[in-house]
2 protein chains.
Amino acid sequence: MARSSATSDVFNAIAAPQRRQIIDLLSKERGLVVGTIVVALGLPQPAVSKHLGVLRKVGIVSVTKQGQHRVYVLNLDRLRPIYDWVKTFERHWEHQLDRIKERAEARALAQAAAPGKTNRKKGTP
Amino acid sequence: MARSSATSDVFNAIAAPQRRQIIDLLSKERGLVVGTIVVALGLPQPAVSKHLGVLRKVGIVSVTKQGQHRVYVLNLDRLRPIYDWVKTFERHWEHQLDRIKERAEARALAQAAAPGKTNRKKGTP
DNA sequence: TTGATATATTCCGTATTGGGAATATAATGC
DNA sequence: GCATTATATTCCCAATACGGAATATATCAA
């Protein structure tokens, strides 16, 4: 046995950054034609078609013919397993998250009070 | 050029289910010795060592010698990129999420009120 | 029909995977 | 020293992966 095959499960399908890019694109622009993805990613068309093939096989995207184009749409629910998996560990980041959120809010307040400059590192002399 | 190499980034590192299992284990039991993981996964020891090697190289786990054992611990922050990525799509699942959160809060309250037993499903009549 | 455009498929080559088996290293105990 | 235990490393191999190049299919347009 070798590897789990990118077309076998979602985790392998999203391992390739190009495919994540495609997913990102499709999450913003609902329904994209291959050509658009090609120019957006700057990859050769066959490469894009292959990546789309992988995503299709796993069910992350689906196609509909439309004239001579293929319109790809995202099936976000297929990403749930990943979400559910990492969410298991969310607890561990929650405190950090809270702190980050607090900081962000503090920053927003500070900026609202005195806009014009983003505050820098830390160094409180 | 072939693939991005499992040892190159976190997304590839977690593509293998065995490695996700290891992560799951380490998230429950903080600090595990290789032998424990071996019996838990039912994989041959060299295989486990290799998977641990991948996780180590990506920074998901770190080792400390302890006598003749190696204790592996999880560095959960390294999984953040994955979390952050899927979280982008959370919006699409929000309704479901709200319900989950509500349940979690209800559970927390119930537990605060009467600790000692985790409540089971829900059943919304 | 011919041709242009849009997309998919096939073949090729190199790199990588992940388990198996054997072996190497390291620490412990006698 | 030697044996045992714990873990890592090496070598092998079949199965992929993924980009490149070429080609195949499909649709539209004239």
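**Figure 1. Overview of chain A in the predicted model.** Among contacts in chain A between residues at least 6 apart in sequence, 48% join residues at least 24 apart. The model shown here, as in every view below, is a predicted one. Chain A holds six helices and three strands, and along the sequence these elements follow the pattern α-α-β-α-α-β-β-α-α. Of the 125 residues of chain A, 21% count as buried.

**Figure 2. Close-up of Val63(A) and its surroundings.** Val63(A) lies in strand S2 of chain A, which covers residues 61-66. Is Val63(A) buried or partly exposed? Because a residue needs 20 or more other C-beta atoms within 10 Å to be buried, and Val63(A) has 15 C-beta neighbours inside 10 Å, Val63(A) counts as partly exposed. When its neighbours within four places in sequence are left aside, the residues in contact with Val63(A) are Arg56(A), Arg70(A), Val71(A) and Tyr72(A). Leu74(A), which is eleven residues from Val63(A) in sequence, is placed 9.1 Å from Val63(A) in space, C-alpha to C-alpha.

**Figure 3. The crossing of helices H2(A) and H3(A).** Helix H2 (residues 17-28) and helix H3 (residues 34-41) of chain A have axes that come within 11 Å and cross at roughly 120°, an angle that makes H2(A) oblique to H3(A). The crossing in which H2(A) passes H3(A) is right-handed. On the side of H2(A) the contact is made by Gln18(A), Gln21(A), Ile22(A) and Leu25(A), while H3(A) brings Ile37(A), Ala40(A) and Leu41(A). Sorted by class, this contact of H2(A) with H3(A) contains five nonpolar and two polar residues, with no charged residues.

**Figure 4. The crossing of helices H2(B) and H3(B).** In chain B, H2(B) packs with helix H3 (residues 34-41) at an angle of about 120°, and their axes are 11 Å apart; H2(B) and H3(B) are therefore oblique to each other. The crossing of H2(B) and H3(B) is right-handed. Which residues make this contact? They are Gln18(B), Gln21(B), Ile22(B) and Leu25(B) from H2(B), together with Ile37(B), Ala40(B) and Leu41(B) from H3(B). The contact of H2(B) with H3(B) has five nonpolar residues and two polar ones, and no charged residues.

**Figure 5. The contact between chain A and chain B.** The contact draws on 19 residues from chain B and 20 residues from chain A. On the side of chain B that touches chain A, the elements giving two or more residues are helix H1 (10-13), helix H2 (17-28) and helix H5 (80-87) of chain B, and the largest share, five residues, comes from H5(B). By class, this side of chain B has twelve nonpolar, five polar and two charged residues.

**Figure 6. The rotation axis that relates the two chains.** Chain B is superposed on chain A, with an RMSD of 0.1 Å, by a rotation of 180° with 0.0 Å of shift along its axis. The two copies are thus related as by a two-fold rotation axis. Which residue of chain B comes closest to the rotation axis? Among the residues of chain B it is Ala15(B), whose C-alpha is 3.2 Å from that axis. The same surface serves both copies, in that 95% of the contact residues of chain B recur in chain A.

Definitions and conventions: Residues are numbered from 1 along each chain as its sequence is written. Chains are lettered from A and ligands numbered from 1 in the order in which they are written. This is a predicted model: local features need pLDDT of at least 70, side-chain atom pairs count only at pLDDT 80 or more; totals for chains, interfaces and linings use all residues. Two residues are in contact if their C-beta atoms, placed from the backbone, lie within 7 Å. Helices (H or I, at least four residues) and strands (E, at least two) are DSSP runs, numbered from the N terminus. Ala, Val, Leu, Ile, Met, Phe, Trp, Tyr, Cys and Pro count as nonpolar, Asp, Glu, Lys and Arg as charged, and the others, Gly among them, as polar. Copies are superposed by least squares on the C-alpha atoms of residues with pLDDT of at least 70 in both. Axes are lines fitted to C-alpha atoms, for helices over the stretch in contact, and angles run from 0 to 180 degrees between N-to-C directions. Angles under 35 degrees count as roughly parallel, over 145 as roughly antiparallel, 65 to 115 as roughly perpendicular and the rest as oblique. A crossing is left-handed if the near helix is turned anticlockwise from the far one by less than a right angle, and right-handed if clockwise. A residue is buried if 20 or more other C-beta atoms lie within 10 Å of its own, exposed if 12 or fewer, and partly exposed in between; C-beta atoms are placed from the backbone.
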